[in-house]
Amino acid sequence: MAPQKFDFVDWWSKEVRRGTPVVVKMENPNYSMLEIESPKSSFEDQKDKEKNAKQLTWVLLLKAHRAAGCVAWVWSGVMILLAAIKKRLILGQGLAQQDKPHKGKLFKAITGFLVFAVMMLCVEVAAHALSWHFSTPHWPSSFRIQDLPHVVYVGWMYFRASYIAPTLQKLTDFCIWLFLIQSVDRIVLFLGCVYIRWKGLKPVPINPSLESDDAENPDSGHPMVLVQIPMCNEREVYEQSISAVCQLDWPKSRILIQVLDDSSDVETRFLIKSEVSKWQQKGVNIVYRHRVNRTGYKAGNMKSAMQCDYVKKYEFVAIFDADFQPKSDFLKRTVPHFRDNPELALVQTRWSFVNKDENLLTRLQNINLSFHFEVEQQVNGIFINFFGFNGTAGVWRITALEESGGWLERTTVEDMDIAVRAHLQGWKFIFLNDVRCLCELPESYEAYRKQQHRWHSGPMQLFRLCFPDIIKAKISWMKKANMIFLFFLLRKLILPFYSFTLFCIILPLTMFVPEATLPVWVVCYIPALMSILNVIPSPKSFPFLVPYLLFENTMSVTKFNAMISGLFQLSSAHEWVVTKKTGRASEGDVLEKDTARSTVALDKTMSESGIDALKTLDVKLDPLVPPSVHDALQPPMKKKNRLYRKELLLSFLLLTAAARSLLSAQGIHFYFLLFQGISFLVVGLDLIGEQVS
């Protein structure tokens, strides 16, 4: 019997080499194999061990280097924060001159809460130092003067556990339920967006063609469109906005552009008027309107413009704020949706932002607005044909505007007002997520704060005014319930209420009243999940997930204050401050479009629509210097920061509560309070709008 073949190649490749093996073959198939270690084997093992030790050392050194880099980054951030505290809070340098602060009721309430928190922290530290926490509280058998502090402390604990804690726990449970309801609403919206993506749902015009069968008048298939650009002292952005709108791809005889200027600055009015005259000389059908009396702000401006006699022959109106730049095909992608759809009143398009990566503040705004358009507006548009008009980058059917009562000056959210009234009349809306209009985000916290105040006080004013009309409207009860409970109460009232109350009031209170508890999943897990859902529509913003969560809680004080102001008709509810712009919006794109346009022969014939009066304006174009040149000639002004007192008080309050949580060994609560307090401190010192790479 022949011996079995033994393949040593496979065996050699699988085994670890340990010296030189010696193989002995025998005639008998019952062979045996003996491996003999070479004299060098122990030396090679030692060498391998030394090599592995070196690799491990390098890995540890690499990890130590990364840890050191992280520590250095954190330390540099702490030093910047401390330097800002010293410079602005202690020395008062680099601060903008502020008006005398109006200390409202909310400010006084936060101040009182902070004083109480500091006193309680001192009491709790003293109690821990005297070991009162480590024994069962009881009244002393005999009263002595030296026992008075202990008696007072035991009395406080009894009162706290018997009266304060139950009330606080009920308020906590109520806010948790509101939080859960709002979270469910957010999850349902997100699932609706996922369904839309999965099914590929999007509005499609019934008849997308705008071509006319009339050979003598080929442009008659294009409806008459009025384009309005309301502005007020928009010196930084007027030129690029007018330029973009004047280059819309639409027959000249079928479009009229109204520049509605409410500017109070004489030089700004002159510059805007000159820009309009320049495009008029190029054959664009454009008119300049200026109001001496700025009654009703933006709503009054557009209401006045719609009363012109020549507006009657136009079928649709497109609205663009002063910093918006539509693409040339904007009208061709929106207006066809109105054809063969007589119930359609509004086509709203999405905003895109040219400066979303400018600083941390713009990055966080981009997260919020991306979710608003991608999820809220798109889902509501697909499933219920209703959403709040965003005030710009949209096209209205003029008949719908007139039947709904036109622009009213009763609130600071005239766009939401007209949308609600149109929906109550039975009109439908469409949101186009794939049509985007370029615009600019506020780059300073002051501008963003004023904008958010207007956006959150106005809906509460509107709800007070529209509630009787909603009840009486001839629409289904499902639509009424959606408008009252979801559109107004849940998303405009409950959201800012529980955000501020739960994370800025109740959470610090539970540190000083430990008998009332706030679960960890409310503090950490659910907010983290909601933040992840918000960031998904803008996936590049995932590195800013934690700052976004903290900043949203920080902004809750502004939103809560605005909501209360609008709900109870306080004086600040009617404030209207134009959001400050910087003029960054795609200057290169506008110049490129303008250059391409200049190669075409200019049609200097004027329209017969009643705007020939513009020729009588005494405007000299040649000596004008663009604002950008003026700004370049002037020395750059040093940025002045502001101090936000409510945010600073809440910062100190949360940091005090964080110190108290250390005495109770509440880990996650401590970290949340610490980072949230630092977030309030950064915002209060006006550091959130600083440039970041």
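The questions and answers below go through some of the terms used for this predicted model and the values behind them.

Q: What makes up the secondary structure of the protein, and how much of the protein counts as buried?
A: The secondary structure comes to 19 helices and seven strands, and 48% of the 693 residues count as buried. The protein exposes about 36,300 Å², of which carbon and sulfur atoms supply 61%. Among contacts between residues at least 6 apart in sequence, 81% join residues at least 24 apart.

Q: How do you know that the length of helix H6 is close to what is expected?
A: Helix H6, residues 266-281, has 16 residues, and 22 Å is expected for it at 1.5 Å a residue. The reach from the first C-alpha of H6 to the last is 23 Å, which is close to that expected value. Just after H6, glycine 283 takes a positive phi of about 95°.

Q: Which residues of H6 are buried?
A: The buried residues of H6 are Thr268, Leu271, Ile272, Ser274, Glu275, Val276, Ser277, Trp279 and Gln280. An α-helix has 3.6 residues a turn, so residues three or four places apart point the same way.

Q: Why are H5 and H6 called roughly parallel to each other?
A: The axes of helix H5, residues 238-246, and H6 cross at roughly 25° and come within 10 Å. Angles under 35 degrees count as roughly parallel, and H5 and H6 are therefore described in that way. H5 passes H6 in a right-handed crossing. In this pair, Tyr238, Glu239, Ile242, Ser243 and Cys246 of H5 meet Leu271, Ile272, Glu275, Val276, Lys278 and Trp279 of H6.

Q: Why are H13 and H14 called roughly antiparallel to each other?
A: The axes of helix H13, residues 477-512, and helix H14, residues 520-535, come within 12 Å and cross at roughly 160°. An angle over 145 degrees counts as roughly antiparallel, and that term therefore applies to H13 and H14. The crossing of H13 and H14 is left-handed, and Leu502, Phe503 and Leu507 in H13 meet Val522, Val523 and Pro527 in H14.

Q: Why are H12 and H15 called oblique to each other?
A: Helix H12, residues 445-472, and helix H15, residues 545-567, pack at an angle of about 40°, with their axes 7 Å apart. Roughly parallel would need an angle under 35 degrees and roughly perpendicular one of 65 to 115, and H12 and H15 are therefore oblique. H12 passes H15 in a right-handed crossing. The residues that make the contact include Tyr445, Tyr448 and Arg449 of H12 and Phe551, Met555 and Thr558 of H15.

Q: What makes isoleucine 688 count as buried, and which residues does isoleucine 688 touch?
A: Isoleucine 688, in the segment after helix H19 (667-684), has a relative accessible area of 5%, and buried means under 20%. Not counting residues up to four places away in sequence, isoleucine 688 touches Leu360, Leu361, Leu364, Tyr445, Phe551, Val682 and Val683. Isoleucine 688 and threonine 362 are 326 residues apart in sequence but 9.5 Å apart in space, C-alpha to C-alpha.

Q: Why is glutamate 358 called buried?
A: Glutamate 358 has a relative accessible area of 19% and is called buried because the term covers values under 20%. The place of glutamate 358 is in the loop between S5 and helix H9 (360-383). The C-alpha atoms of glutamate 358 and glutamate 443 are 7.5 Å apart in space, although the two residues are 85 apart in sequence.

Q: Why is aspartate 340 called exposed, and why is tyrosine 297 called partly exposed?
A: Exposed means over 50% relative accessible area, and aspartate 340 has 51%, so the term exposed applies. Tyrosine 297 has a relative accessible area of 30%, which falls between the limits of 20% for buried and 50% for exposed, and tyrosine 297 is therefore partly exposed.

Q: What is the phi of tyrosine 297 and of aspartate 340, and where do these residues lie?
A: Phi of tyrosine 297 is near 55°, a positive value in a residue other than glycine, and tyrosine 297 lies in helix H7, residues 297-306. Phi of aspartate 340 is near 60°, again a positive value in a residue other than glycine, and the place of aspartate 340 is in the loop between helix H8 (330-334) and strand S5 (344-353).

Definitions and conventions. Residues are numbered from 1 along each chain as its sequence is written. This is a predicted model: local features need pLDDT of at least 70, side-chain atom pairs count only at pLDDT 80 or more; totals for chains, interfaces and linings use all residues. Side-chain values use heavy atoms; hydrogens and water are left out. Helices (H or I, at least four residues) and strands (E, at least two) are DSSP runs, numbered from the N terminus. The expected span of a helix is 1.5 Å times one less than its number of residues. Buried means under 20% relative accessible area, exposed over 50%, partly exposed in between (1.4 Å probe, protein chains only). Contact means heavy atoms within 4.5 Å. Accessible areas come from the Shrake-Rupley method with a 1.4 Å probe; for residues, only the protein chains shown count as cover. Axes are lines fitted to C-alpha atoms, for helices over the stretch in contact, and angles run from 0 to 180 degrees between N-to-C directions. A crossing is left-handed if the near helix is turned anticlockwise from the far one by less than a right angle, and right-handed if clockwise.
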